[in-house]
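Here is a short report on one protein chain.

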Amino acid sequence: MPLDEDKYPAETGRRRFVKGVVGSAALSGVGVGGAAAVDATTDAAGEGGGTTPFVAVENTGGPAPRGMPIIPIEIDGGEISGHWPEYDEDAGAAVETDFGGSGIDYSSQWFQYCGIQSTAAIYPQSDRNNTFLNSTGTFSWQGEYESGKPLTVDMFEDYKDWGNGIGDSGVGKPASVVWRTNSDGKNGAPVQIIRSAKVEKMANGEGEYADLPGSVQSFVSEATDQGFIAWLNKCTHFCCVPGFKTQSGSANFGAANDIYCQCHQSVYDPFSPVQSTFVALPRPPKTE
């Protein structure tokens, strides 16, 4: 293909600079996710990997092999946090068995992919800040608040009407946050959250959610709060960072009201929780 030819049409929302660095992107994808796996497989100290059942926002389109893992919500004094389970020495991971009486074990292994497993943010014994901290730059409304400060429930009061011109208004109000940062508010994991009336229906098993599998519905009921849902925002295909209502081109792929990854057009439905299984990558030795 000629160097000046772009195989990705403009309506995909894919940034054109990706074309020029696709080779290095491939390597960086390996570097972010695969290299850690290579290191772990060649280093006897790699630990904590293996077949892992998890609950995710469903992958509904594109090349992504599975959904992105849901992070249970906790709200205390109006501040929104992601729940982190206690470390289980026998399991070698942070685990909460039978989460919310769902029969599903919530584990730090859910997040061991795309290089995240090599960070202190996901190391099961790390003492980190679980509060969701404001990450400006994705949604204009977040620029009204200081970066790195806790997100609070009152910032989402207009969630039943909010819109930004992408898809329908009133579907839900999203935010980009960092999770499990160090004491300086750095080196956290990328997360997105939504507050939506649809999440409230999910939690209560109402309407179209009446037929959710019992274990998944029980998990979602415990993992969401006041209409908030959160997930680790790393595309399971190539470790890109997708987004809910972040790309106008998502409408061309039927994803204007879904989570859309502009790099390779993977689509996720934040309002469709599913239980699935993947092979968690081993963790390198703790460095922090």
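This is a predicted model: local features need pLDDT of at least 70, side-chain atom pairs count only at pLDDT 80 or more; totals for chains, interfaces and linings use all residues.

Phe54 has Ser276 of strand 14 as its bridge partner.

Strand 14 also pairs with strand 13 (residues 259–261). That pairing is antiparallel and has three bridges. Strands 13 and 14 make a hairpin, with four residues between them. Gln265 sits in the turn and has a positive phi of about 65°.

## The 5-6-7 sheet

Three strands form an open sheet in the order 5-6-7, with antiparallel pairing. Strand 5 (87–88) and strand 7 (106–107) are the edges; each has a single partner strand, so one side of each has no neighbour in the sheet.

Strand 6 (residues 93–96) pairs with strand 7 through two bridges, in the antiparallel sense. Glu96 has Tyr106 of strand 7 as its bridge partner. Strands of a sheet pair through backbone hydrogen bonds.

## The chain as a whole

The protein chain has four helices and 14 strands. Of its 288 residues, 49% count as buried. The chain exposes about 12600 Å², and carbon and sulfur atoms supply 45% of that area.

Contacts were also sorted by sequence separation. Among those between residues at least 6 apart, 68% join residues at least 24 apart.

## The disulfide

How many disulfides does the structure hold? It holds one. The bond joins Cys114 to Cys239, with an S to S distance of 2.3 Å. The link of Cys114 and Cys239 is left-handed, with -90° about the S-S bond.

Are the two cysteines buried or exposed? Cys114 is buried, at 5% relative accessible area. Cys239 counts as buried too, at 14%.

Cys240 is in no disulfide. Its nearest cysteine sulfur is that of Cys263, 3.2 Å away. The cut-off for a disulfide is 2.5 Å. Cys240 is buried, with a relative accessible area of 13%.

What is the closest cysteine sulfur to that of Cys261? It is in Cys235, 3.9 Å away, which is too far for a bond. Cys261 is buried, with a relative accessible area of 1%.

Note on methods: Residues are numbered from 1 along each chain as its sequence is written. Side-chain values use heavy atoms; hydrogens and water are left out. Two strands pair if DSSP finds at least two bridges between them. Buried means under 20% relative accessible area, exposed over 50%, partly exposed in between (1.4 Å probe, protein chains only). Contact means heavy atoms within 4.5 Å. Accessible areas come from the Shrake-Rupley method with a 1.4 Å probe; for residues, only the protein chains shown count as cover.
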